[in-house]
Amino acid sequence: MRRYSLRTVALAYLAAILVGPLAIVFWRTFQHGFAPAWDALSAPDTIHAFKLTLIITAIAVPINTVFGIVCALAIVRRSFPGKGVLNAFIDLPLALSPVVVGLALFLLYGRQGWFGPWFTEHGIRVLFALPSMVIATIFVSLPFVAREVVPTLREIGDEQEQAARTLGAGGWQTFWRITLPSIRWAVVYGVILTTARSLGEYGAVAVVSGRIQGVTETATLRVQQRYESFDLAGAYAISIVLALVAVVVLLTMTLFRPREETA
Amino acid sequence: MSIEVRNVSKSFGTFAALDDVSLEVEGGSLTALLGPSGSGKSTLLRIIAGLETPDAGDVLISGELATALRPQKRNVGFVFQHYAAFKHMTVRDNVAFGLTIRKRPKAEIRERVERLLQLVQLEAFGHRYPAQLSGGQRQRMALARALAPEPQVLLLDEPFGALDARVRAELRDWLRRLHEEVHVTTIFVTHDQEEAMDVADQIAVMNAGRIEQVGAPTELYDVPHTEFVMRFVGEANRISDSWVRPHDLEIAHEPGERSVEAMIERISRLGFEVRVELSAADGESITVQVTRDRLEELELERGQIVWVTPARERAFAATY
């Protein structure tokens, strides 16, 4: 009996916190049929917002994947001064509010900032443009790959890598043929989480983008903009697409998981 | 394909794993590095393989200086205690790894892998993954993998340490036969003196980062140079200030010249051989090996007070 009551509590909690809001968003979107939702989604500014979100994600995810793997290898396989600091700093984006990240970027790249004047001189626009939005997204989604890969690397140990070395494999060959295949599922999880985080980023990007409609407005910013303009149907429709992406991401993870356990 | 280690030292932090160690291994021989854990035997093996860098000293393989060579350039085969199987590859791909890396022609690789799988009796398991093999099978696969690129030297780090007793004895036998067949210079690390005596034709006994003695198994047993070797290779009893093997002790009911008084604590019959455990008057425990006939002749029983006389004993200069 106790087992069932525990289960009920857990499910009720999930329903109230997670499923409830999602269901309401669904219901609200299609309350007046598909037409208003479709209109909102096919507006040029909305399409541009989705495109921009995809472009930012497409840049941020590969960079963070490479960085995450390199960092994890450094943390687990090497010893160097400042390793503890690196290990702690990787988690910083998880602890720091994205708004603070946005403000920090403002201070760095703004007109009075450290790097701002240099970029202005060379005619590169960082703030209120794609570069700062990419940097902000990279920052907030930085830890996921490294955090997934580090425990896996620890678990597999370095004997397989040593064996590969004695069999004649160089550093790169060992990485491609032994290390990477051994950590591939951890990398996949990391990439999925990084993608999800990048798609959903709001705070830091909101600060640095300037939220110019049809120019620097991402999907999440668009939701907020539509909401503030009392276009609830539009806001809900965009939210639905973002929520669906999240669900797909979750499903992909659940599909991958059992495969890793038997490997 | 000889190996020479010259004055090698290695420390990990403040711990001196190897202290000025030199060793010569003849081409084609089968040598055991024998010692308790922490004696530096694995470190020495890993230095020969290039997996560790010595703080001082040199390693020569086939007369050529190899100290600065990276492991992948040394052409050594290395077998790890926990197999180090490539988990994401089939047995066949595991064995082929060293050849694939060297970009040998596909047909040649296929042929050599099949031959090696036969040699290690895994020809029916080529398509399996390491997770689907038993410990003994995994270690045989690791051996085939190490042998595939035709290494000059085969190094085994406690290769049977993770296996149960029966598989251990089987693989030990098998390693000796393999060595007779392939004749690659082989060094293996073990803490099991029986294993070393059984398999190797030369044993280097290590203790606290140094080599105590190098020699043939019988030589170490019969003419140990130090007290440590006496005690570590085969059993030994301490009687007064000298050391005696259990089969070099006589039991009698009457005191004799240089005999020690002792009480029988336990008698264990191991087939023809009988082990009598006694405690001497000074508290030292003594093990004596007698034949069954002798036991019956003397009518030995637990609790009896008897006299033990060393027939052949050894004293060592105090080394520590």
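In this predicted model, helix H4 (residues 135-147) of chain B packs with helix H5 (residues 165-182) of chain B at an angle of about 20°, their axes lying 11 Å apart. H4(B) is therefore roughly parallel to H5(B), since angles under 35 degrees count as such. The crossing in which H4(B) passes H5(B) is right-handed. On the side of H4(B), the contact is made by Gly135(B), Gly136(B), Gln139(B) and Leu147(B), while H5(B) contributes Val167(B), Leu171(B) and Val182(B). Sorted by class, this contact has four nonpolar and three polar residues, and no charged residues.

Along its principal axes, the C-alpha trace of chain B spans about 80 × 45 × 30 Å. Chain B has 320 residues, of which 42% are buried. Of the contacts in chain B between residues at least 6 apart in sequence, 64% join residues at least 24 apart.

Among the strands of chain B, five form an open sheet with antiparallel pairing, in the order E13-E17-E14-E15-E16. Strand E13 (249-252) and strand E16 (285-291) of chain B stand at the edges; each has a single partner strand, so one side of each is left without a neighbour in the sheet. Direction ignored, neighbouring strands of this sheet are turned by 45° against each other on average. Within the sheet, strand E14 (residues 260-270) of chain B runs antiparallel to strand E17 (residues 305-310) of chain B, and four bridges join them. Ala262(B), for example, has Val306(B) in E17(B) as its bridge partner.

The description now turns to the contact between the chains. Chain B gives 19 residues to this contact and chain A gives 14 residues. On the side of chain B that touches chain A, the elements that give two or more residues are strand E6 (76-79) and helix H2 (91-101) of chain B. The residues on this side of chain B comprise 11 nonpolar, five polar and three charged.

The loop between E6 and H2 of chain B holds Ala84(B). Most residues other than glycine have a negative phi. Ala84(B), although not a glycine, has a positive phi of about 50°. Ala84(B) has 26 other C-beta atoms within 10 Å and is therefore buried, the threshold being 20 or more.

E6 of chain B also figures in the surroundings of a helix in chain A. Helix H10 (residues 159-166) of chain A has six of its eight residues buried, so it is largely enclosed by the rest of the structure. Its buried residues are Gln160(A), Gln162(A), Ala163(A), Ala164(A), Arg165(A) and Thr166(A). The buried residues of H10(A) pack against helix H9 (143-156) and helix H11 (171-200) of chain A, and also against helix H1 (41-49) and E6 of chain B. After H10(A) comes Gly168(A), with a positive phi near 105°.

A further positive phi in chain A occurs at Arg211(A), a residue other than glycine, where the value is near 50°. Arg211(A) is placed in the loop between helix H12 (203-209) and helix H13 (219-228) of chain A. Because Arg211(A) has 17 C-beta neighbours inside 10 Å, it counts as partly exposed, whereas Ala84(B) is buried.

Definitions and conventions
Residues numbered from 1 in each chain as written. Chains lettered and ligands numbered in written order. Predicted model: local features only at pLDDT ≥ 70, side-chain atom pairs only at ≥ 80, totals over all residues. Contact = placed C-beta atoms within 7 Å. Nonpolar A, V, L, I, M, F, W, Y, C, P; charged D, E, K, R; others polar. Axes fitted to C-alpha atoms, helices over the stretch in contact; angles between N-to-C directions. Parallel < 35°, antiparallel > 145°, perpendicular 65-115°, else oblique. Left-handed = near helix turned anticlockwise from the far one by under 90°. Pairing = 2+ DSSP bridges. Buried ≥ 20, exposed ≤ 12 C-beta atoms within 10 Å, placed from the backbone.
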